[in-house]
Amino acid sequence: MSEGEYLHVVTRDDISDGRRQFGRLIVWVTAALTILVAILQVLDHRGAIDLGFESWRPTLYAYCTWIVAFCWAQVLVHGEQGKRRLFVVPAAIFVVSMVIFPLIFALGIAFSDWNLSSPDGRQFNGLDNVRQMWGDPFYWNAMTNMVWYCLAIIVEYAIAFGLALMLNSQIRGRKFFRVAFLLPLMLSPVAVSWMIGKSMLEIRFGPVSRLLRNLGWDSPSFFGSAELARFWIMAMDAWTFIPFMMIMILAGLQAIPRELREAAEVDGASPWRRFWEITFPLMLPVSITAILIRIIFKLKLADIIINVTSGGPGGATDSVTSFIFREYRDRSNVGYGTLLAIVYLVVIVIAMTIVMKLADRWMRPRY
Amino acid sequence: MSRRKLLKGAASVGAMAAASGAIPMAVLADAHSNLRAELLSIPGVGQGSPTDADWQKVGELTLGPTKERVQEGEFDGIELTFMGLNNQNLHNFLFRGFLKPWEAYTGAKINWIDLAQADYNPRLQQAIATGTVDFDIIEMGAPFEGDTAGKGLLDEMPEWVKEQIEADDLVDYLKEPVGTWDGKTYRITIDGDCHTFAYRTDYFGDGGIGGAEVPRTWQQINQVTKDLVGKEDPLTGLPAHGYLDPLKGWGGFGMYFILNRAAAYAKHPDDPAWLFDPDTMKPRVNNPGFVQAIQDVLDLIEADAYPTDQINADPGTTAFQQFLAGTGSMLMWWGDVGSSARTSDTSVVGDVVGFGINPASERRYNAAAGAWEEEMNEAPQMAYIGWGVYVTNRVSGDEKKRKAAWSAAAHLGGKDLSLWTSAYPSGFQPYRNSHFQFQEWEAAGYDRAYVEDYLGSNADSYNHPNAAIEPRIPGIFQYYSVAEDELAKGFAGQYGSAQETADAIAAAWEEITDQIGRDSQIALYKASLGL
């Protein structure tokens, strides 16, 4: 007995033109209705017309109606294949509601003059925010800082590699050191900023300051100048995340077949040569992955800066993220802050695409 | 004797007297003064910082006025949300303790929204802008009345509350129009803000490293501060420092510190306005008086006169971790430094601290004439006009909830409770005429000279004819936040000069005024100045 005798399966060939057209019609009609209601709501919201809408529920209801119609239409138009398509619908709704709609909304905010203190609320202001960003030296200073903060990853990588090599060798207390070196990674950057920035390096009572004073340095300063403050921000961030790189590299080192190194050793290669010609090249894929992930972490660097310096002195230590945060929080500039966030997102996407393409090229076998 | 027994006793005496026709007022007054004395002995000056148990005890002892108007359990099932500060372990921490007995008696429950000072303005502004006011009671400063009462977000104060809190007792500068908007009253005052001058007495006098006389002008302060570089603090043995300027932004509150200097230079006695031109709202923040104030700070930075890292010290640090802990010799701050100096665990300067009003300037800038005048000028700054407790319109439609909210607020604004908050670390300073009865403070353990000095600095500031009154206009903290951001950049050397820094602030202020609406701002600014 075939499947069709148990179940009524509608294939594409069974669907009449009329049914198909009806299916398409309800999708387009409900879509048009949704757009119309949304436009009316916007006009009502802006006071151009008065339909008495008190909330955005009518648009939400119209959107829900469109989703139901869309699902129904899939079955009407495509039959059994349409039923299978319905499995995608929850994900599609989620993406539209949680990604596409917020992005469109954020774009709307980015091109408006919206300060929370303003009684006028949100006003479209064209490219004013872009012009402001272009002429904002403190934003570009934050961008420059980001470059420096990211370049510091090279140093972090070198230290992490060294530590990984050490923990991969037969040293006494290896297990203890592995746990000890991992501890900073288990702390949140907020805790690190308080433990180190606000406690250890505190000028009056901090133990480091006291030690330096006992050594004859009258006025130790850790965050008093732009250069020093940037250095300590980088150091605290590095202290937190070097273990992350270290553990990735250590995992990579342990995956290298021992025979390779032993063969090189038998051939009389020096330790230095063994490192450069065997270990390091084999570690490239892991290293690049670790560096890429670290760059992604670094691009979000904000918590340590906000806690320790609030971007100071005078914005000298700001990362783009902390700058955007302060623009939102301290100055309530939602419009400008949103534009900066979107621009930063675009910059990150472009930069990461280039970096990943380059990384891909480096990692490709050359034979 | 417990408060209950005390009240029982007082009530029986009253009843007997009423029956007999005798006059029991002296006895009742005595009972009341016993209550105030009992309050001030919690925990007692020199007994360390008060704890949660102390705050609850104070709340219990001051429940009398509530019990006169609310039945026990009357607010059973009611929940209220209270938004306030939690900085320096004060404000909301105290309110919790004060209101615990109130909750137990009335049956209401309070949910708390605690905010750090730097988070306070953004949170409030966001709630206002997005229409998401999610609190029934709010601790708020008068400068925000333009943003809240002006937008109809507050509930008007019922008459019985005015009686309960004895509003007539407020010092004059906190009476109307403060707390009112369009003729309606919204605020229960719980604080009386102004900045006063605090200095270390061991730095000055014969043989003092700061000189024989306490500086009385900003010019003298700047000079002494520079002269102290390289000397040793007589109390701690650490490097000596003169005046402490908080140099880092503080969500808008940091602006008050540069305004202390600017007020002396730029607040002219003939002109109540000083931040803006009242006819045009053109900022005065970049006129020569304000520029001089900024230049003073730049000169002290240049002279390495501040403690290391001052430029990145959190503002609360300046008073509580620096001045009270023995770093620096001069400071302008709110009055809680005075009560904390003697009663906080973190203070080491209680025996060597003196007070005064905002120092004068040897010359003043006349904005109307556009010229400097070689005249001595004093101008205490009424920074923030004090915290108040307000009830939002979320409760307006529900009489029972409304009564509960106002009852809680009135409990916090009670006359006797306020005496305690004035005398102990609370974040609040004296603000009622009844707070200036020196003998009450003496009975609590303060010595007379200290109290006269401390309370005198507050009273002299409140009553000064050239006091720089803060405007209650919408967006005032937006102006301040932008200004302190630009100042921080200027202090870090990111602008070419004091004038350039001031011009950046003025340009930002012009933008804000245009954004909010110049005409309405002019009208409200004039109204706030009584013009």
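Pro313(A) is found in the loop between α14 (303–308) and α15 (320–329) of chain A, where helices (H or I, at least four residues) and strands (E, at least two) are DSSP runs numbered from the N terminus. A cis peptide bond joins Gly312(A) to Pro313(A), with omega at about 0°. The loop between α14 and α15 of chain A also holds Ser310(A), a residue with a positive phi of about 50° although it is not a glycine. Because its relative accessibility is 27%, Ser310(A) counts as partly exposed; buried means under 20% relative accessible area, exposed over 50%, and partly exposed in between, with a 1.4 Å probe and protein chains only. Most residues other than glycine have a negative phi, and most peptide bonds are trans.

This is a predicted model, in which local features need pLDDT of at least 70, side-chain atom pairs count only at pLDDT 80 or more, and totals for chains, interfaces and linings use all residues. Residues are numbered from 1 along each chain as its sequence is written, chains are lettered from A and ligands numbered from 1 in the order in which they are written, and side-chain values use heavy atoms, with hydrogens and water left out.

A cis peptide bond joins Glu176(B) and Pro177(B), with omega at about 10°, and Pro177(B) lies in the loop between α8 (159–165) and β4 (180–181) of chain B. Asp182(B), in the loop between β4 and β5 (184–185) of chain B, has a positive phi of about 50° although it is not a glycine. With a relative accessible area of 73%, Asp182(B) is exposed.

The annotation of chain A comes next. An unreviewed UniProt entry assigns "domain: ABC transmembrane type-1" to residues 142–357 of chain A; UniProt positions are given in the numbering used here, feature names are shortened, and annotations may be inferred rather than shown by experiment. In the model, this span is 78% helix and 0% strand, and its end C-alpha atoms lie 26 Å apart. For "transmembrane region", UniProt (unreviewed entry) lists several stretches of chain A, including residues 86–111, 179–197 and 231–253. Residues 179–197 of chain A are 89% helix and 0% strand, with end C-alpha atoms 23 Å apart. Residues 231–253 of chain A are 100% helix and 0% strand, and their end C-alpha atoms lie 30 Å apart.

α5(A) bends by about 35° at Val96(A). Val89(A), Ala106(A), Ile109(A) and Ala110(A) are buried in α5(A). The buried residues of this helix pack against several elements of chain A, among them α3 (57–78), α4 (80–85) and α16 (334–363), contact meaning heavy atoms within 4.5 Å.

In chain B, the axes of helix α11 (residues 288–302) and helix α18 (residues 476–491) come within 10 Å and cross at roughly 35°. Axes here are lines fitted to C-alpha atoms, for helices over the stretch in contact, and angles run from 0 to 180 degrees between N-to-C directions. At this crossing, Ile294(B), Val297(B), Leu298(B) and Ile301(B) in α11(B) meet Leu487(B), Gly490(B) and Phe491(B) in α18(B).

Two buried residues of chain B complete the account. Pro307(B) is found in the loop between α11 and α12 (315–323) of chain B, and it is buried, with a relative accessible area of 9%. Pro307(B) touches His241(B), Leu244(B), Gln322(B) and Thr327(B), not counting residues up to four places away in sequence. Trp509(B) is found in helix α19 (residues 498–516) of chain B and counts as buried because its relative accessibility is 0%. With residues up to four places away in sequence not counted, Trp509(B) touches residues including Met255(B), Phe276(B), Tyr479(B) and Ala483(B).

Notes. Bend = angle between axes of the 7 residues up to and from the residue.
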